[in-house]
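Subject: Two-chain model, handed over with notes

Dear colleague,

Here is the structure I said I would pass on. My notes on it follow below.

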Amino acid sequence: MDALRGEIRRAVRARESVLARSLRAELRRAEHSWQQELTARDSAPVEEHGAGPEDRHDAPGTGRAQTGRSAPDTSDEPAPHTLSDEPAPHALGDGPATHALGDRAASRALGGGGAPGARGGAAAGVWRARVVRPGATGREGASPAGVREQVCQALTLIGVPAAARVVVALNAALGAAPLRSAQIAVLRRDEERSFRAAPHARPYYMCAALTDRLSAARGLLALSTWPLERRAVGPLSPRVDFLITAIRLAEHLARMAEAGERPSPAAHRLLSRLAHNIPGIGERQGTSNGYPRTRHGPGGRTERDADGPVPGGRAGRVPGARGQGTTPGPTTASWPAAGVQADMSWPVSDGEPDRFAAGSDGPDPAAVVRAARAELEVHAAGDAAARAEIARRAREALPEAGRLFGVATTTRAARRPR
Amino acid sequence: MNKDEAKERREVDLDRLDRLRGAVPPRPHDARAIAALAANPGCARRSVLDAAGIDKDATATHLGFPAPFGRSPFAITRGNAFEALVKESGCAELLRLLRELLGLPVAEAAYTDLGDIGGDPSAHLRHAHTRTLLDRAARDGAGAGTLYDHPLLRLEIAGQSAYLEPDVVAFLHGGRFHIVEIKSFAVIDGQAEPDKAAAAARQAAVYVLALKTMLEELGHDPGRVAHDVVLVCPENFANRPAAALVDVRRQLAVLRRQLARMTRVGTLVDALPPGLTFDLAPGDDGVPGRPAAELREAVRAVEARYAPDCLSTCDLCFFCRDEAAGQESTDLLGRQVRDALGGVATVGEALGLADGSREPGEGQEEIARLLRLADRMYAELS
Ligand code: SF4
């Protein structure tokens, strides 16, 4: 395919448009059959277990690059390939490349081998299925039951409510067959319908987390086997659950390492991303977190001035932004406007996260656990109290279905989280 | 003018504005539109059209000059994806940025989704909810939450209330509210595209104003809303969010002035011909029934003040540009040139003054001297 692509480029350069067109068609055919191949592999991961991990990893990895690069030829969206070459956030959802496609096979192929940023995720998934799967039942493949199983597995690992994006990422990190957020949304509605039709027909349900208004928290998934306190979401709960997610994932990776298994790049990448947002991990590894131009580092001001004038505002102001507001000129903004040059205020990262992302080892799981626990301690008591209060009210006010799925969930189900 | 008179006067205004708009409902203002008010405050045409709640986009389309806006679906996808990234897991990325940028203490990590109140509530309900919770936050002092996502704010614009649904987070720290605005244009080596950054600052100013207004209505000090907004953008193509503080005081002042001007739009309206209307009432086929030529005359009756940055802020820009070009107006050359050429209305006139083929009129002597000088210098150089 690379040879074909080279030909096309040459042809275009020489303005041989007819030749280029026919070459392109050929390339597309080649890619199409390649994708079909990929889809076939995807849906039958179990049969692939014979070969060594390296092979697996290579194949879909190449696929990513190719499907990614082919995008500009076949669609109007210029970016998928740009994004796919980054440590992209899209790893967490179906990236722009996937959900734009109506064609199931194509989106599966992209989602499997080529989702931007999922680099190696699916690949790793295929081989790691062997490593991780035995605990779960691998036989359903990507059937609705399989999706349900996978979602449950991801939730069980972290033990706290999570957004679909997070479930998708965890699932990839666990090395299971790729999931899409849309599948999860369907599943969620299905669970509620099933419970309301025949309560307790299943041993567990995927259900809602409850807000303090006792409605289903937007976008969060939980398991019915958890105590209500865990499914209640107070103001600090998103943070607490985020920290717990990081701890559980780190512990899981540590366990794998102990057992002599190599965690997947997707798992490392996810842990890196979580770790990046937990204070105390970057510094421990000897880097400031790349905001040298602010007057104080992170955590520099741990007490807030009770009612002093402009706490934070001034102190945190980045030099360079100051005074721009008074620059005369009718149309320029006070900031990043043309006049601001090299000493611009934008904090420049020193690349620490990239080191995480690119490095094969990622952050040290033990360090992540320590740092996350340290912050968790700060929030734990307040969060537990708020959750207990919500749970108490839910027990008093709601029938069982309401406790599981929240009040007014039917209208909510139709709404997409913004 | 006593109070009753003022009220009466206002009602007359509203009535007149309704007639200007014709038989279609007023178009609600969104933050982008409001922000754009601050972009070209001197334009009477836009003041009148906006005050009357006229759909400028539809007007421009009917005139045959559809607006160049509308983001590509890809840009929207990218914007949403970036926002989702920043807000994921209780705004984990945003918390990190705020801790780094403002020294937000670790303990302050509460996240409240003001938009998530169950069911499918109306804007009115959601606004009430936002008010209640932010009121509580403002009163609670130390026990208050920190991040408030999806606030639904309201701003009174020329007698109509516009609901603003910012994709921003209001963030409370040390007793002060900050507006966080998440934008998906990239900041590369510390530089953002100036017009995008400027637009973001203007838009953030709208939210700051709306939040200040809300606090004031609730009996709190509006000064508790910081005029430094936190702008979050992806950095260096990497989609990794970075944050900076942007001072929007100037944008805020312009916006205030412009909004006040819109409530006083009566004087502008009074000067217009009595029967004037920009009615866009659709005919049977759904498109405005009125002949475009008639609408064109109506729009032309209100004076415009075209400037090149209209191209990024006003739906009518192509129409006004065309008009300015037809008149050889110096407006086309941008504000600075226009101001420098004060008193010289057209390009032809300026050229005439420069090569001496045209005698300067009264008050034009100085600019004519400068133009001739420039012409000589230019001749020597070329
Ligand atoms: S485009 Fe026309 S109407 Fe809009 S602000 Fe500019 S001059 Fe005024």
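**Strands β7 and β8 of chain B**

In chain B, β7(B) pairs with strand β8 (residues 240-247) in the antiparallel sense, over eight bridges. Strands here are DSSP E runs of at least two residues, helices are H or I runs of at least four, and both are numbered from the N terminus. Two strands are taken to pair if DSSP finds at least two bridges between them. Strands of a sheet pair through backbone hydrogen bonds, either parallel or antiparallel.

Before going further, note that this is a predicted model, in which local features need pLDDT of at least 70 and side-chain atom pairs count only at pLDDT 80 or more, while totals for chains, interfaces and linings use all residues. Residues are numbered from 1 along each chain as its sequence is written, chains are lettered from A and ligands numbered from 1 in the order in which they are written, and side-chain values use heavy atoms, with hydrogens and water left out.

Two of the bridge partners across this pair are V229(B) with V246(B), and P234(B) with P241(B). The two strands form a hairpin with four residues between them, and N236(B) in that turn has a positive phi of about 50°.

β7(B) covers residues 228-235, and eight of its eight residues are buried. Buried means under 20% relative accessible area, exposed means over 50%, and partly exposed lies in between (1.4 Å probe, protein chains only). Eight of the eight residues of β8(B) are buried too, so β8(B) is largely enclosed by the rest of the structure. In a regular strand the side chains alternate between the two faces of the sheet. Both faces of β8(B) are covered: one side holds R240(B), A242(B), A244(B) and V246(B), the other P241(B), A243(B), L245(B) and D247(B), and all are buried.

β7(B) also pairs with strand β6 (residues 176-182) of chain B, in the parallel sense over three bridges. There, E181(B) is opposite L231(B). The chain gets from β6(B) to β7(B) through helix α7 (residues 194-217), and this β-α-β crossover is right-handed (with the strands pointing away from the viewer, the path from the first strand over the helix to the second runs clockwise).

**Nonpolar cores**

The largest nonpolar core has 78 residues, and L20(B), I34(B), L164(B), F177(B) and F278(B) touch the most other members. A nonpolar core is a set of buried Ala, Val, Leu, Ile, Met, Phe, Trp, Tyr and Cys residues joined through side-chain atoms within 4.5 Å. Its largest share, 13 residues, comes from α7(B). Domain 1 (3-68 + 261-297) and domain 2 (73-256) of chain B both give residues to this core, so the core lies between them; the bounds come from an automatic or database domain assignment.

Which residues does L164(B) touch, not counting those up to four places away in sequence? They are H29(B), D30(B), A31(B), I34(B), P151(B), L152(B), L153(B), L155(B), V206(B), Y207(B) and A210(B), a contact being heavy atoms within 4.5 Å.

Another core, of 55 residues, lies apart from this one and includes A162(A), L179(A), L221(A) and I278(A).

**The sheet in chain A**

Three strands of chain A form an open antiparallel sheet in the order β1-β3-β2. The edge strands, β1 (162-163) and β2 (206-207), each pair on one side only. β1(A) is joined to strand β3 (residues 220-223) by two bridges, and A162(A) is opposite L221(A).

**One buried arginine**

R126(B) lies in helix α6 (residues 123-140) of chain B and, at 6% relative accessibility, counts as buried. Its C-alpha atom is 6.7 Å from that of G115(B), 11 residues apart along the chain.

**Chain totals**

- Chain A has 18 helices and three strands, and 50% of its 418 residues count as buried.
- Chain B has 15 helices and eight strands, and 54% of its 382 residues are buried.
- The accessible surface (Shrake-Rupley method, 1.4 Å probe; for residues, only the protein chains shown count as cover) is about 18,700 Å² for chain A, 55% of it from carbon and sulfur atoms.
- For chain B the accessible surface is about 16,000 Å², with 53% from carbon and sulfur atoms.

Regards
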